[in-house]
Amino acid sequence: MTTMPLPLGSVRPTRYVFDRAPMLVYWEMTRACPLACRHCRAEAVAQRSDRELTTAEGERLFDQIAAFGRPYPHVVLTGGDPLRRDDLVTLVRAATARGVGTSVSPSATDDLTPELLAELKASAVQSMSLSLDGSTAALHDGFRGVPGTFASTQRAARAIRAAGIPLQVNTLVTDETADDLPAIHGLLRGLDIMRWSLFFLIGVGRGAVLGEVSPVRSERLFRWLLDLEGTSPFPIKTTEAMHYRRVAIARMERAGMDRDAIEKTPVGRGFGVRDGNGIVFVAHDGAIHPSGFLPIPCGDVRSASLVDVYRAHPLFVALRDARSFAGKCGRCPYAAICGGSRARAFARTGDALASDPLCPYVPPADAVAWESRPS
Ligand code: SF4
């Protein structure tokens, strides 16, 4: 890792920093999945591993999450396919009993039966998410490399909504899917979803075989998304494309909004969230990573405290301090708000504190931190 100090006073380190607790804990319950899509982050396999956390260890993980204190982080139960575990409902109930909210990210299979969804609803799961990467069967199934998943995703979406569970749809943004995004948005208008999350590809796992969009194209996509937000029936968010916040701020400032108003928008409420800052990932074998796309083990929930690792591991501490970033991210006026994708920096350079190569912005030499400017 390399570090570069910021000019004094350019960033207020306590603002947009999640030092005490993350907002989201991702638990990869298993890597087993019947689909094994060609770009899977988890490099999913057919069979469960005997290294997975047991039911009792999962319950202890929820105790650790509650130990962060209130407000408790929200837990995203992911995989692989969490439905490969027959204790999924038991574990959702265990989290609910502790006051910890959960979401489930299943694979779109016929295992999402009305009976199971009713049990999840009764266990107080707060939402579920599905992946949709194409607007037609040919595009979606061809991209994922698994025939039939376009139809099963739409069946699953309707079943989740029929069970009264809010639904988020996730779409991978690559140079292959970018042209299809308007058509996907059109399709989602008919699915009664609570949010569309656009994940900008990072070449890890099987995703290493796909192509990222270019920096210039990412900015064009952001401007299109901001235009779309005005008429979209559901909010839109980006994942691993934190510089969307910079483009959104510029748009809102041109519209005359002040800093307080900007911070209250859906984009503003995500200020600062990035790998290791507001996010922590627990792998199927208990290893603690800053995020699912930044696969650097920093401890293990079987032998260490999740709270201690999140708060005090040197990598987590550095990831939360925008002053430790190298290159232009370290001297950017939006560093505390955005900070760039630490996962992409790591995937591309081997240095989690390097600049995000997807962002084309060049900070001016005399830049003052955005949050320090007069409102
Ligand atoms: S230079 Fe880095 S911190 Fe600044 S907007 Fe781009 S990605 Fe974000």
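Gly80 sits in the loop between β2 and α2. Helices (H or I, at least four residues) and strands (E, at least two) are DSSP runs, numbered from the N terminus. The peptide bond that joins Gly79 and Gly80 is cis, with omega about 15 degrees. This is a predicted model: local features need pLDDT of at least 70, side-chain atom pairs count only at pLDDT 80 or more, and totals for chains, interfaces and linings use all residues. Residues are numbered from 1 along each chain as its sequence is written.

A cis bond also links Arg70 to Pro71, with omega near -5 degrees. Pro71 belongs to the loop between α1 (55-66) and β2 (74-78). Most residues other than glycine have a negative phi, and most peptide bonds are trans.

Phi is positive at Ala124, near 75 degrees. Ala124 is in the loop between α3 (114-122) and β4 (127-131). It is partly exposed, with 13 other C-beta atoms within 10 Å. A residue is buried if 20 or more other C-beta atoms lie within 10 Å of its own, exposed if 12 or fewer, and partly exposed in between; C-beta atoms are placed from the backbone. Asp192 has a positive phi too, near 55 degrees. Its loop runs between α6 (181-188) and β6 (195-200). Asp192 is partly exposed, with 15 other C-beta atoms within 10 Å.

Now follow the chain into β4. Four of the five residues of β4 are buried, so this strand is largely enclosed by the rest of the structure. Strand β3 (residues 102-104) runs parallel to β4, joined by two bridges. Two strands pair if DSSP finds at least two bridges between them. Ser103 stands opposite Ser127 in β4. Together, β3, α3 and β4 form a right-handed β-α-β unit. Right-handed means that, with the strands pointing away from the viewer, the path from the first strand over the helix to the second runs clockwise. Strand β5 (residues 167-173) also pairs with β4, in the parallel sense over four bridges. Here Asn170 in β5 is the bridge partner of Ser131.

Next comes the core. The largest nonpolar core has 96 residues, and Trp27, Val75, Val173, Val282 and Ala335 touch the most other members. Helix α2 (residues 88-97) gives the largest share of this core, five residues. Such a core is a set of buried Ala, Val, Leu, Ile, Met, Phe, Trp, Tyr and Cys residues joined through C-beta atoms within 7 Å. Leaving aside neighbours within four places in sequence, Val282 contacts Val25, Tyr26, Trp27, Glu28, Leu61, Ile288 and Val301. Contact means C-beta atoms, placed from the backbone, within 7 Å.

Key:
Two residues are in contact if their C-beta atoms, placed from the backbone, lie within 7 Å.
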